[in-house]
Amino acid sequence: MASATESRYGYRDVSDQNFDYMFKLLIIGNSSVGKTSFLFRYADDTFTSAFVSTVGIDFKVKTVYRNDKRVKLQIWDTAGQERYRTITTAYYRGAMGFILMYDITSEGSFNAVQDWATQIKTYSWDNAQVILVGNKCDMEEERIIAPEKGKHLADHLGFQFFEASAKENIQVKQVFERLVDIICDKMSESLDTDHPPGGKNLRFTDTAPPVHQKCSC
């Protein structure tokens with residue numbers, strides 16, 4: 001039987017050969033900030049300009065490799081509308097990581113970040129990792145929120161920060177890689193294991209490595 005720490009991080013059962021770890025991730029933020037587009041860009045490398053509001057919650061699965069470990073990501077795309085809030089917050093429990101997103105052209109979505117952060121603190125477990133993402137950085141001419149302002153808020157909340165664009169595929173993969181990376185680091189600390197050589201920034205790929213490499217993820 002897995003220990004409490006192993007279960008918390010989605011550590012696989014020894015009988016399951018499909019993955020070594022499974023991480024539940026949530027993308028949250030106001031409606032129309034680009035959460036669905038962000039997920040589709042990462043999971044399927046597709047983008048559509050047509051806006052379709054997410055009803056309730058949806059998810060996609062993607063597998064990545066952190067050195068020799070197969071990490072299955074269960075990525076949940078949540079609705080931003082207030083009327084779905086009760087539904088979506090029910091999914092916060094058990095999530096290891098959050099991508100909290102705002103639109104750099106929307107002051108309202110940026111002002112709502114604090115409220116979303118409070119929800120994470122209220123409904124998720126204490127060690128959930130969060131990255132604040134300013135999406136739509138390709139729309140520079142319509143920018144309202146400066147990068148420095150986003151970084152300042154992220155620092156204040158204790159989150160890491162990226163600006164990204166689902167449309168132009170800017171920093172999308174890097175956001176997910178960094179989130180998984182810090183979850184693995186936190187897991188290693190909780191399991192009281194040594195970090196692998198090379199520090200925190202380990203290589204991610206979408207295909208299995210050709211040779212076995214030591215990893216403490």
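This is a short walk through one predicted model, from the overall layout down to single residues.

Ground rules first. The model is predicted, so local features need pLDDT of at least 70 and side-chain atom pairs count only at pLDDT 80 or more, while totals for chains, interfaces and linings use all residues. Residues are numbered from 1 along each chain as its sequence is written, and side-chain values use heavy atoms, with hydrogens and water left out.

Layout. The chain has seven helices and seven strands. These are DSSP runs, numbered from the N terminus: helices are H or I with at least four residues, strands are E with at least two. The order from the N terminus is α-β-α-β-β-α-β-α-α-β-α-β-α-β. Of the 217 residues, 49% count as buried. Buried is under 20% relative accessible area, exposed is over 50%, and partly exposed is in between, with a 1.4 Å probe and protein chains only. Now contacts, meaning heavy atoms within 4.5 Å. Take those with a separation of 6 or more: 72% come from residues 24 or more positions apart.

Next, helix H6, residues 147-157. Which of its residues are buried? Gly150, Leu153, Ala154 and Leu157. They span an arc of only 100 degrees around the axis, so they lie on the same side of H6. The arc is taken from the directions from the helix axis to the C-beta atoms. On the other side, Glu148, His152 and His156 are exposed. What do the buried residues of H6 pack against? Strand S4 (97-103), helix H4 (107-111), helix H5 (113-123), strand S5 (129-135) and strand S6 (160-163). Just after H6, glycine 158 has a positive phi of about 80 degrees.

Now a helix pair. H2, residues 35-44, packs on H7, residues 172-190, at about 85 degrees, with the axes 9 Å apart. Axes are lines fitted to C-alpha atoms, for helices over the stretch in contact, and angles run from 0 to 180 degrees between N-to-C directions. H2 is therefore roughly perpendicular to H7, a label that covers 65 to 115 degrees. From H2, Phe38, Arg41 and Tyr42 meet Val172, Lys173, Val175 and Phe176 of H7. Phe38, Tyr42 and Phe176 also form one aromatic cluster.

More on rings. There are seven aromatic pairs in the structure. One of them joins tyrosine 21 and phenylalanine 23, tilted, at 6.2 Å centre to centre and 40 degrees between the planes. Rings of Phe, Tyr and Trp (its six-membered ring) pair if their centres lie within 6.5 Å; under 30 degrees between planes is stacked, over 60 is edge-to-face, and the rest is tilted. Tyrosine 21 and phenylalanine 23 are both buried.

Two lysines sit over rings. Lysine 60 has its charged end over phenylalanine 40, 4.5 Å from the ring centre. Lysine 62 is over the face of tyrosine 42, at 5.2 Å. The test: NZ of Lys or CZ of Arg within 6 Å of the ring centre and within 35 degrees of the ring normal.

Last, the loops. Glycine 34 is in the loop between strand S1 (21-29) and H2. Is glycine 34 buried or exposed? Buried, at 16% relative accessible area. Not counting residues up to four places away in sequence, glycine 34 touches Met101, Asn135 and Lys136. Glycine 34 and lysine 136 are 102 residues apart along the chain, yet their C-alpha atoms are separated by 7.7 Å. Lysine 136, in the loop between S5 and H6, has a positive phi of about 70 degrees although it is not a glycine.

Technical notes. Angles under 35 degrees count as roughly parallel, over 145 as roughly antiparallel, 65 to 115 as roughly perpendicular and the rest as oblique.
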